[in-house]
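Biologist: I am new to this structure. Please take me closely through one part of it, the metal site, and then through the charged pairs that go with the fold.

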Amino acid sequence: MTQELTLRTPDDWHLHLRDGAMLRAVLPSTAAHFARAIIMPNLVPPVVTGSDAAAYRTRIIAALPEGADFTPLMTLYLTEATDPADVAAAHASGLISAVKLYPAGATTNSASGVADFTRVQGVLEKMAEIGLPLCVHGEVTDPDIDIFDREAVFIDRVLDPLRKRVPGLKVVMEHITTSQGVEYVKANATDLAATITTHHLVINRNHILAGGIRPHYYCLPVAKREEHRVALRIAATSGDARFFLGTDSAPHTDPAKLQPCGCAGCFTAPNTMAILAHLFEQDGALDKLEAFASLNGPAFYGLPPNNSTLTLTKGSRDTPSHIDTQDGPVTVFDPGFVPGWHVSARSSC
Ligand code: NCD
Ligand code: ZN
């Protein structure tokens, strides 16, 4: 039986690092296991312009632990006022790797997102022209649509028409949670990929709601029925190049989550790689973990895979149940089992 697994160092193609004290508290967890990450721009206020992204990038670099080998891949938060020329300049200088589309009101800090999609047509056309990917939070926000249907309805009503209006636009469907998301990606040969989170490979909606409400499993898009979790597991472990890891690790303090209207987000950065090795082994797909975590993402973004490696070794190790921040503890995602693997080494190239 395999006792050790060495992968090209993984990247995280969807990560929330926040800012200030929270940034300093959570960044070491990601920098320990990942070489690069796509950094979500949903700060307050959001990262909207090239100069916002440059300043945020500087703050992230300053917060890195001594000797860390980690590159933040910056994104801009698309608003109806986004200037195509600013996006193009930020891309040309190498500062940004993607633009993020949040439908207005869809999730944490998305109030400045897009309500009228015709207003972003010019930016999207510019992005298609220069080959800059659009990362999409794929949920409609119409209060009449049941929260468990929001992703499937988004694909039909928003995403498919948008992709037809902007041929050639590279799109990443972020954190897909449904079999409809998987099928939509598989039906489209080019210019479309999807990230899948660690937690959506583990939990379904029963984990959140059955036998008591568990706020630490509440995230957006919300976990769906078991059949959808199974569809995500099959996609992630298939080796199909259109599916790759985006943890959506989204730290909130316990006081912010444990209240009558608690925040959405699971903090998975510290134990993601151990959990993934456990899941891929369970599914007889350890040989596909490198594709999912380390190869498919860079290929879609047009970047080389990392030259360095990360080694996982069989055997469990304790993961702290939480990390401390100035504003309170942040609970680490509990997969409900003890991962049978741990990260044991990381080499530089
Ligand atoms: C994210 C956050 O907290 O910023 N929350 C989450 O549940 N995933 C926002 C997001 O990606 O939807
Ligand atoms: Zn997210």
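Modeller: Start with the zinc ion (ligand 2). Its protein donors are His14 (NE2), His16 (NE2) and Asp248 (OD), lying 2.0 Å from it. Donors here are N, O and S atoms within 2.8 Å of the metal (3.2 Å for Na, K and Ca); water is not among the atoms, so sites may look incomplete.

A word on the basis. This is a predicted model, where local features need pLDDT of at least 70, side-chain atom pairs count only at pLDDT 80 or more, and totals for chains, interfaces and linings use all residues. Residues are numbered from 1 along each chain as its sequence is written, chains are lettered from A and ligands numbered from 1 in the order in which they are written, and side-chain values use heavy atoms, with hydrogens and water left out.

Back to the zinc ion (ligand 2). The 4 donor atoms around it subtend angles of 91 to 140 degrees, so the arrangement is irregular. Four donors count as tetrahedral if all angles lie between 85 and 135 degrees; four count as square planar and six as octahedral if opposite donors are over 155 degrees apart and all others between 65 and 115; anything else is irregular.

Along the sequence, the donor residues follow the spacing H-x1-H-x231-D. His16 lies in the loop between β2 (11–15) and α1 (20–33), and Asp248 in the loop between β9 (243–245) and α10 (254–257), so the pair ties together parts that are 232 residues apart in sequence. Helices (H or I, at least four residues) and strands (E, at least two) are DSSP runs, numbered from the N terminus. His16 and Asp248 are both buried. Buried means under 20% relative accessible area, exposed over 50%, partly exposed in between (1.4 Å probe, protein chains only).

The loop between β2 and α1 also holds Asp19. Asp19 forms a salt bridge with Arg59 (2.8 Å, N to O). That pair links distant parts of the chain, 40 residues apart, with Arg59 in helix α2 (residues 50–63). A salt bridge is a side-chain nitrogen of Lys or Arg within 4 Å of a carboxyl oxygen of Asp or Glu. Arg59 is partly exposed at 36% relative accessibility. Asp19 is partly exposed too, at 28%.

The structure holds 13 salt bridges. Another one of them joins Arg233 and Asp283 (2.7 Å, N to O). Arg233 sits in helix α9 (residues 226–236), and Asp283 in the loop between α11 (272–282) and α12 (289–301). Arg233 is buried at 10% relative accessibility, whereas Asp283 is partly exposed at 34%.
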